[in-house]
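Good morning, everyone. Please bring up the model on your screens, and keep the sequence open beside it.

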Amino acid sequence: MEGVKLDRWGYEVKTSSDSCISSINAYYHQLLSYGRYRRVILEAAVHDKDCVLANILAAHFLCSSDPSKAPSHMEAAKSRLEQATSYEKAVFEALNYLISSNTDDDVAVELHSKLLRDFPRDLVSLQRAQVLCFYMGRPDLSLGLVQQVLPQNQQENYIYGMLAFPLLELGRMADAENAAKKGFEINKQDFWAQHALCHVLQYECCYKEAVQFMEECSSSWSLCSSFMLTHNWWHVALCYLEGHSPIIKVREVYDHHIWKELERIDAVCAEVYLNALGLLLRVYVRGELDVFEDRLKILAACLTDQANWFIEWHLDVLILWALAFNKELSKAEDLLKGLKFRLSTMSKKKQQAMQGAMLLAEAIYEYGQGNEKRALEILGPDFNAYNCKIIGASDEQLDVFYEVWCSMLLNTGEVTKAIESIEKQIQKREGAPFLWRLLEKGYSLSGRKEAATVGEKARALEAAYFN
C-alpha cells in the first residue's frame, strides 16, 4: 500500500519515510534491550511529523523524561488518527489512556491485553503492560499477558526473559530458570534473561555461581540504561554480601560500578540512587555500614534535592530512610507529607491498594530515626514485606524490608514472633547465612540452647561461598 511501511513486528504504519520506521524500530530495540538511547523515538517524529505511531510513542516517552513537550506530540497524533492504520489506532488507544490523568490500572492493562490479542507480535506493548503489572504488584496478570502472546513468538528475541520475570515473582523458580535459559540461548545479550538467571541463582543461594555468571556478562552492559546497569551490579554486590564475601568487595562494586555510573554525562541519577540505597540499607541491617565511611552521607546530601522525589514509591521509601538516618528530618518530613498528599489525590480504589505502601514509608522514616517500636506499631501485627510489591519492587528488593522488620522485632523484645518468621524463611532459603545469624540472635535472646548449634551453622555457611 502506498504511504505505508512495516515495522519490526510486520505491522503497518502510515508513513512514507524509511527513516521514520528505522527510528521507530531503533526505539523498540532500545526498550527491549534496556538501552540508554531511548530518545531515538524523537527522531522518528522529526522524520515524519504526521506519523501517528511516531508521535504517540514520543508523547509517552516524554511524559517521564520531559513532560512539557509531550502534549504537542499527543496533539499531532490525534490530528492524523483518521488516516492511521488499525495497528496505530490500537497503540494510540492504549497509550492515550495510559498518559491521561487518574487512569485506572485495570483498564490500562485491559486495553493493552486487547491490543496484544489483535497484534501479538508487539513485544514493546507487552513490555509496557508488564511494567504496569509490576507497579500494580500483579505478577499473575503479567504472566497471563506473556502467555497470551507466546504462541506467536516462540523463537523471538526477548520473549523468554519477559516470561521468566513474573514466574520468579510467583515463586515458580524452576519454570523461571528454564525460561531465562531459553532466552539466554536465543540471545546472549538479552539483559532481562541474564537478570532473571541471576535472580534464580541468588534465590537458591548459589552466590558464587551468580557472581561468576553476571561478571562474565558484564562487558555487554555498557550500553544499558542507568537502571539496568546499576541494578545488575546491585545483584552482584548483593551476592557478595549475602554470601559473606569480605565487605570490602561489596564496597568495590558500589564504588566502581554503581556510584561510578554518575560520572557518565547521560546518567539518570534517580535510577542510580535506587540501587545505591537498596544496597546500603542491606549493608546497614548487617551492621557493616562503617566500612562504607561517609558514602551514605554523600548520597543523602544528593537526595535532599526534590528533583529525585516522587519518581517512584520504592525510591521514596529508601530516600526516607537515608534522610532520617542522616538527620535531614525536615526534608524527610516534606517527602512524607508529599507522599500523603499524592495518596489523597488518588482514586479510592488506588488509595486502598497503596495503603500498605504508605504505612511502609511512615515506618521506614521512623526506623531511620531509630524509633523501632513506633515503626513496628505503624506496620501492625500482620506485616508482610512481600505484600508490598505495589511500591514497584521485586521480592529480592523487598527482602531488605523483611530483614528490617525481623531486626526490629528482635531489638524490641518480640523475639517469639521473630523466631517463628525466620524459621519459615529459612525453610525457603536454607543456605542464606544472615537468616541463620538472625535466628541465632533470636534463640540467644530467648535463652534457647540451640543458639550455639545455629551459630555454628551460620559460621559454616559464611565460609562456604567466597572463602
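Let me start with one term: contact means heavy atoms within 4.5 Å. Now use it on a residue. Asp316 touches Asn308, Trp309, Phe310, Ile311, Leu335 and Leu339, not counting residues up to four places away in sequence.

Some ground rules before we go on. This is a predicted model, where local features need pLDDT of at least 70, side-chain atom pairs count only at pLDDT 80 or more, and totals for chains, interfaces and linings use all residues. Residues are numbered from 1 along each chain as its sequence is written, and side-chain values use heavy atoms, with hydrogens and water left out.

Back to Asp316. Is Asp316 buried or exposed? Buried means under 20% relative accessible area, exposed means over 50%, and partly exposed is in between, with a 1.4 Å probe and protein chains only. Asp316 has a relative accessible area of 2%, so it is buried. Asp316 lies in helix α17. Helices here are DSSP runs of H or I, at least four residues, strands are runs of E, at least two, and both are numbered from the N terminus. Now find Leu336. Asp316 and Leu336 are 20 residues apart along the chain, and their C-alpha atoms are separated by 8.6 Å.

Next, the whole chain. There are 24 helices and two strands. The radius of gyration is 23 Å, close to the 23 Å from the globule rule for 467 residues, so the chain is as compact as a globular protein of that length. That radius is taken over C-alpha atoms, and the rule is 2.2 Å times the number of residues to the power 0.38. Along its principal axes, the C-alpha trace spans about 80 × 45 × 40 Å. Buried residues make up 58% of the 467. Take contacts between residues at least 6 apart in sequence: 60% of them join residues at least 24 apart. The accessible surface is about 19,800 Å², and 51% of it belongs to carbon and sulfur atoms. Those areas come from the Shrake-Rupley method with a 1.4 Å probe, and for residues only the protein chains shown count as cover.

Now for the spaces inside. Grid points are joined across faces, edges and corners, and a volume is the space filled by probe spheres set on the points.

How many cavities of 30 Å³ or more are there? The count is three. Helices α21 (395–411) and α23 (433–445) each supply at least two lining residues. By class, that lining has seven nonpolar, one polar and five charged. Nonpolar covers Ala, Val, Leu, Ile, Met, Phe, Trp, Tyr, Cys and Pro; charged covers Asp, Glu, Lys and Arg; the others, Gly among them, are polar.

The second largest cavity is about 70 Å³. Its lining includes Trp234, His314 and Phe401. α15 (269–285), α17 (313–325) and α21 each give at least two residues. α15 has the largest share, with four.

α21 and α22 (415–428) each give two or more of the lining residues, and the largest share, six residues, comes from α22.

Look at Ser421, in helix α22. Its relative accessible area is 15%, so Ser421 is buried. Leaving aside neighbours within four places in sequence, Ser421 is in contact with Tyr402, Trp405 and Cys406.

Last stop: Leu439, in helix α23. Leu439 is buried, with a relative accessible area of 4%. Beyond four places in sequence, Leu439 is in contact with Ile419, Ile422, Glu423, Ile426 and Val454. Leu439 and Ala385 are 54 residues apart in sequence, and 18 Å apart in space, C-alpha to C-alpha.

Terms used: On a 1 Å grid over the protein atoms alone, a cavity is a set of points where a 1.4 Å probe fits but cannot get out, and a pocket is an open set with protein on both sides within 12 Å along at least five of seven lines; lining residues have an atom within 4 Å of a point.
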